[in-house]
Amino acid sequence: MANVMKRVRAVSMAAQTRRTIQALVRRGRWTFLVQAERGRQEAQVSLTELGTALSEGEIVEVYEKQQGMTAYLLLGFAGRQPLHALCALKERPGQVIVMMVM
């Protein structure tokens, strides 16, 4: 039963984090690292498409403490093309940091 409750809490936190990421991206509160820009260019995805994918994406994996922060692997779509982005939340100021785009 304890494992079930732990999983329920994790799913709830992921849903809350997803909503936070989506809201910050919609407000333009996102930036990305150099390797994310390279990945975006390789995937031939525009900034608008990336923003849409992030603002509508779902968290598919959580990585605790990547580069000192918890990272979230999001799955979104650029048109019909699936797009994965590894993101982190910077609490102050509220901002999404896109670490990788695949």
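Strands here are DSSP runs of E of at least two residues, and helices are runs of H or I of at least four, numbered from the N terminus. This is a predicted model, in which local features need pLDDT of at least 70 and side-chain atom pairs count only at pLDDT 80 or more, while totals for chains, interfaces and linings use all residues. Residues are numbered from 1 along each chain as its sequence is written, and side-chain values use heavy atoms, leaving out hydrogens and water.

Now follow β3 to its partner. It runs antiparallel to β4 (residues 81-90), joined by eight bridges; DSSP must find at least two for strands to pair. The two form a hairpin with two residues between them, and G79 in the turn has a positive phi of about 70°.

A nonpolar core is a set of buried Ala, Val, Leu, Ile, Met, Phe, Trp, Tyr and Cys residues joined through side-chain atoms within 4.5 Å. In the largest one, of 19 residues, I21, L54, L74, C87, V96 and V98 touch the most other members. Helices α1 (2-26) and α3 (47-56) and strands β3, β4 and β5 (95-101) each supply at least two residues of this core, with the largest share, four residues, coming from β4. A second, separate core of six residues includes L73, L86, A88 and I97.

Definitions and conventions:
Buried < 20%, exposed > 50% of the residue type's maximum accessible area, 1.4 Å probe, protein only.
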